[in-house]
Each structure stands twice: as structure tokens, then as C-alpha cells.
Amino acid sequence: MSTDVYKQLRANPYRPWPARITSITELTETEKLFEFRLIDEDVREAFDFDAGQFVEVSIFGVGEAPISISSAPSKQGFIELCVRRAGDVTSALHNKQCGDIVGLRGPFGRGFPFDEMKGHDVLLVAGGLGIAPLKSLINHIHDERHDFGRVTILLGAKNPGEILFRKQFDMWKHREDFDLIMTVDQPDDSWDGDVGLVTKLFDRLDVDATSTYGAICGPPVMYKYVIEEMRKKHMDADRIYVSFERRMKCGIGKCGHCGVGHQYACIDGPVFNYWEAMNLQEAI
Ligand SMILES: Cc1cc2nc3c(=O)[nH]c(=O)nc-3n(C[C@H](O)[C@H](O)[C@H](O)COP(=O)(O)OP(=O)(O)OC[C@H]3O[C@@H](n4cnc5c(N)ncnc54)[C@H](O)[C@@H]3O)c2cc1C
Ligand code: FES
């Protein structure tokens with residue numbers, strides 16, 4: 001990594017770097033997966049991140065939005081973002097074509113403690129769009145699979161049509177090195193998987209509490225119940241990680257928009273362990 005470029009990236013964190021859209025995949029009616037390539041070669045080489053970190057995507061003349069990186073850090077040269085059409089910026093991004101240029105700044109925030117998790121079992125629980133940041137972690141674990149014990153992934157969605165990355169996960173159901181269970185609230189005729197909330201799957205999980213790290217990402221309502229299940233399995237509070245999505249503007253701890261307790265989600269998070277979250281008196 002060139003030290004000069006690294007310094008440039010960090011010296012002005014407000015500066016968006018131009019990035020070209022290299023592929024767009026429509027995942028559902030509301031979510032698209034974008035692949036970007038930073039145009040400046042030096043910046044591209046200097047850009048490294050941890051699973052769970054995010055970037056601010058800027059669309060010229062519209063604004064910026066924080067989006068989690070969903071590709072693994074090992075996927076050098078490309079950055080993948082899974083984006084739900086929610087409002088101005090995300091709709092403008094959805095209207096872009098391959099070859100168009102947007103701005104990216106980051107990576108920002110604190111991601112999952114990947115190195116600390118090594119040597120342990122990992123239990124990953126995602127609901128809906130929460131799979132976006134967790135996919136980065138899952139693929140990173142996949143790349144260094146021999147460093148981990150048992151890896152269990154629980155995926156929940158409202159209905160089969162809303163399961164993001166379904167093709168990848170359908171293939172993973174048959175892998176022996178990952179235990180993957182998918183469940184939906186409302187099945188259709190094509191569905192032969194589990195039905196019900198993701199928490200229901202805990203009944204048949206055998207968790208080694210002395211060695212398991214948890215990572216949870218999904219709609220806010222899910223956290224409380226999944227954490228309860230993990231605690232019933234005697235998992236330590238400081239080994240259960242959650243990602244908090246707060247409204248963000250600057251992404252770098254300056255504007256105060258993302259206060260969570262006495263900390264800022266953009267720099268102290270978005271990933272916190274449950275012990276930290278309790279001390280922030282965060283309601284989960
Ligand atoms: C750390 C972080 C990571 C994120 N990762 C992803 C991701 O991987 N994929 C993805 O699709 N989205 C992600 N989001 C949410 C995304 O940032 C918002 O959907 C986006 O900022 C909306 O911007 P907009 O201009 O399109 O919508 P706006 O026009 O600003 O708002 C449209 C609607 O979205 C609501 N909204 C705005 N910001 C948020 C927010 N932060 N959380 C919930 N609702 C919001 C508004 O209240 C409004 O109802 C993430 C947010 C954070 C903080
Ligand atoms: S987004 Fe500005 S302080 Fe966190």
C-alpha cells in the first residue's frame with residue numbers, strides 16, 4: 001500500500017473518490033447489488049476495510065447515504081453494495097447504469113472483530129437486508145475457513161422472494177463446512193425450507209457457549225429476541241455483536257447525527273458487542 005495515497009484517503013475524509021459501476025444485479029423488487037471499481041488506481045490499491053464497515057455513497061446533485069460493504073475484504077479492487085431503494089439517494093443510485101460514475105468515501109466505522117473470532121465457532125443471524133453487512137463477514141470467513149470452528153448461519157426473511165443472495169445460499173445449504181438454515185414467515189408453493197421466525201431455529205441448535213461468537217444484523221425488532229436466545233445458550237455478552245444503523249450524515253464523528261448513548265455509531269460502531277450496547281443504555 002502506498003503511504004502517500006493512504007494519507008490522502010485519511011487526510012480529507014469528506015472527499016468522495018470517483019468509482020465506476022461495473023455490474024448491477026437486481027436481487028428483488030427493491031434491492032440491487034452494485035459492484036464498483038474505484039477509478040484512481042492508487043486509491044483502489046490503498047482501499048482496505050473490515051467486514052461490517054460502511055462507505056458514504058454520493059450521487060452528484062442528490063446527496064449521500066451510508067451503505068455497508070457487502071463484499072469480503074479479500075475481494076481486491078472491487079466494492080459491492082447491496083442497496084434498498086428507500087428515498088432520494090438510493091433511488092438515484094437504482095436509476096444508474098453500468099459504467100456510470102458515483103462518489104465513494106470511507107471506509108468508516110468499526111466492523112466485526114474478525115481476528116478475535118478466529119479459532120472459535122461463529123453463529124451468524126441475519127434478517128432481511130441485515131444480510132448485506134453479514135455477507136461480507138460470511139465471505140471473509142469462507143476465505144479463511146480453516147481458522148474457524150463450526151460456522152452456523154441463520155437467515156430469516158418475510159417470504160421466499162425477499163431472501164437476498166438466494167442463489168448463493170441455496171448452494172451453501174449442501175456444504176458440509178457451513179450449517180445454513182433459512183426460514184420465512186410466509187412460505188409460497190416453491191418453499192421447502194423452515195417456516196417461522198429466525199428465533200425458532202435456536203431450539204435445535206447445539207451451541208458451545210465457551211467458544212462461540214455471535215453476529216446479528218437485521219431489523220431493530222429482531223435484536224432483542226435473538227440476543228435473548230443467545231443468552232439462553234449461555235453465550236457471553238461481550239461475544240455477541242450487533243450492527244446499529246443510526247441516521248448518519250458525516251460518517252466521521254463530526255456532525256452528531258448518529259449519537260447512541262454517549263458514543264457515535266459512525267466511529268464507535270456501527271458494530272458493538274452486547275455488553276457495550278447495554279452500557280450505552282441502548283434499548284435492545
Ligand atoms: C451504517 C449504515 C449502514 C447501512 N447499510 C445499508 C445497506 O447495506 N443497504 C441499504 O440499502 N441501506 C443501508 N443503510 C440505510 C441507508 O443508509 C438509508 O436507507 C439511506 O441513507 C436512505 O437515503 P435516501 O436518500 O435514499 O433516503 P431519504 O430520502 O433520506 O429517506 C427515505 C426514507 O428512509 C429513511 N431513512 C433514512 N436514513 C435511514 C437510516 N439510516 N435508517 C433507516 N431509515 C432511514 C427516511 O426516514 C425516509 O423514510 C445503512 C445505514 C447505516 C447508518
Ligand atoms: S454521522 Fe456525523 S457524527 Fe456520526
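A polar side-chain atom of R247 is 3.1 Å from an oxygen atom of ligand 1, in a model that is predicted. Polar contacts here are pairs of N or O atoms within 3.5 Å; within protein, one must be able to donate a hydrogen and the other to accept it, and residues adjacent in sequence count only if both atoms are side-chain atoms. Backbone atoms of G87 and V89 also approach ligand 1, as the table lists.

| Residue | Protein atom | Ligand 1 atom | Distance |
|---|---|---|---|
| R247 | polar side-chain atom | oxygen | 3.1 Å |
| G87 | polar backbone atom | oxygen | 3.1 Å |
| V89 | backbone N or O atom | oxygen | 2.9 Å |

Ligand 1 on its own exposes 870 Å², of which the protein buries 73%; accessible areas come from the Shrake-Rupley method with a 1.4 Å probe, and for residues only the protein chains shown count as cover. Two or more residues of the shell come from each of β4 (63–68), β5 (79–84) and α3 (88–94), and β4 gives the largest share, 4 residues. Helices (H or I, at least four residues) and strands (E, at least two) are DSSP runs numbered from the N terminus.

In total, 19 residues surround ligand 1, with P66, C82, R84, V89 and T90 the closest; a residue counts if one of its heavy atoms lies within 4 Å. By type, the shell holds 11 nonpolar, 3 polar and 5 charged residues. Ala, Val, Leu, Ile, Met, Phe, Trp, Tyr, Cys and Pro count as nonpolar, Asp, Glu, Lys and Arg as charged, and the others, Gly among them, as polar.

Domain 1 (3–108) and domain 2 (114–278) each supply at least three residues of this shell; the bounds come from an automatic or database domain assignment. The domain centres, taken over C-alpha atoms, are 22 Å apart. Contact (heavy atoms within 4.5 Å) between them takes 25 residues from domain 1 and 23 residues from domain 2.

V122 belongs to strand β7 (residues 121–127). V122 has a relative accessible area of 1% and is therefore buried (under 20%; exposed is over 50%, partly exposed in between; 1.4 Å probe, protein chains only). Beyond its neighbours within four places in sequence, V122 contacts I141, F148, R150, V151, T152, T212 and Y213. The C-alpha atoms of V122 and F148 are 7.6 Å apart, across 26 residues of sequence.

Residues are numbered from 1 along each chain as its sequence is written, and chains are lettered from A and ligands numbered from 1 in the order written. Local features need pLDDT of at least 70 and side-chain atom pairs pLDDT 80 or more, while totals for chains, interfaces and linings use all residues; side-chain values use heavy atoms, leaving out hydrogens and water.
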